[in-house]
Amino acid sequence: MPDLFVAIATFFWLSYVPIAILSLYRIIKNRNVFVEKDVRRIHNDPLIIFQITTRSATKTQVVRRGIQSVIDSAKKVNYSDYKVSIVTDDYDDVRTLKNIKCEVVAVEKGFTTNAIRKGRALQYAVEHRRRTKENTSKHWVFHMDDESYVTPQTILALLKSIREGGHVAMEGPIFYPLKFESANRLTAIAESVRPFACYDCVSQMTNPPPLHMHGSNLLIRSDAEDAIEWKFGPTLAEDQMFGFKIYEKYGPGSMGWHGGILLEQPPLNMKDHFFQRRRWVLGTYQNLQKFPRWHRYKLAVQVAHLLPRLCVRGVVHGADAVQLFAGVPCAPQLRDGAGRAV
């Protein structure tokens, strides 16, 4: 029995060797563009809307920290042609943020669209900008999460990328130092290595379509977001689908890397950590049937090393995993830890 355990452990350990070699190659290849270093201030400013999409800024205190990070960083680099837009499901945020320099866009409770959860709020924001005439090529939208924190380097990198032109959607690296010591040790360690995986994101964004895409540190030209929209149906990975749609509509030269750093925080406990990863995998699973076969195959290969562990934990049902590997379009269904449909 001990020999069998060692054999199984060795197999899984060795299975990561090709991934490690590829990761090392991507680090070497993308090391010079990963973080933008040439951030000289040139006064030729576009209008950037820093959008934080949240369920509730009233209940999530870090949203105010993110707002202040934009205000402080913009002041340090003498940039004023911007605004902060808080897209929220909580009407109480209008009162909570009334004394802070930001726009509060509360999603109407009766708003219906072909999107769920965050995708629904993102679609409402698109339609809001359409009403306010901010859906033009002169406007850019910088997407942030609740806990996102902007630095002066972030803003300078965004301005440079827009100034140089050529792309309609760009991303940058994300680091996770915020509340690092307050997080569970295991989740903190897991997040500490994620910036190294972002070297692969450079290759994904500069050689689209990307297999995955961050929903934060994402810079999009407003007219392009208006054209694509977020009405992708019931999916937990709306950002992944959005990336493919950008490629599909605007071509391989439409996506790039801006190199602006965004700071965030790791999940503070194991439950949040697990459900974050669960959402990534299930979201990809839900999107598979909407992609062409060649892209579906690439995605299946990417998540192949994760699925055995997720099946064991009841995240993905074994029969559904067989369909996934076979590349058969199927109706994805969420299940709880006991394997029951939810």
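**A tour of the aromatic rings**

Begin by selecting F50, Y79, Y82 and F142, which together form one aromatic cluster. Please keep in mind throughout that the structure on the screen is a predicted model. In total, ten aromatic pairs are present in the structure.

Next, select F244 and Y247. The centres of their rings are 6.2 Å apart and the planes stand at 50 degrees, so this pair is tilted. Now display helix α10, which covers residues 238-250. F244 and Y247 are three residues apart in this helix, and therefore about one helical turn separates them.

Show the surface and compare the two residues. F244 has a relative accessibility of 3% and counts as buried, because buried means under 20%. Y247, at 23%, counts as partly exposed.

W294 has a relative accessibility of 43% and is classed as partly exposed.

Finally, turn to two places where a charge meets a ring. Select K249 and Y250: the charged end of K249 sits over the ring of Y250, 5.8 Å from its centre. Then select R131 and Y124, where the charged end of R131 sits over the ring of Y124, at 5.6 Å from the ring centre.

Definitions and conventions
Residues numbered from 1 in each chain as written. Predicted model: local features only at pLDDT ≥ 70, side-chain atom pairs only at ≥ 80, totals over all residues. Heavy atoms only, no water. Phe/Tyr/Trp six-rings, centres within 6.5 Å; stacked < 30°, edge-to-face > 60°. Helix = DSSP H or I, 4+ residues; strand = E, 2+ residues; numbered from the N terminus. Buried < 20%, exposed > 50% of the residue type's maximum accessible area, 1.4 Å probe, protein only. Lys NZ or Arg CZ within 6 Å of the ring centre and 35° of its normal.
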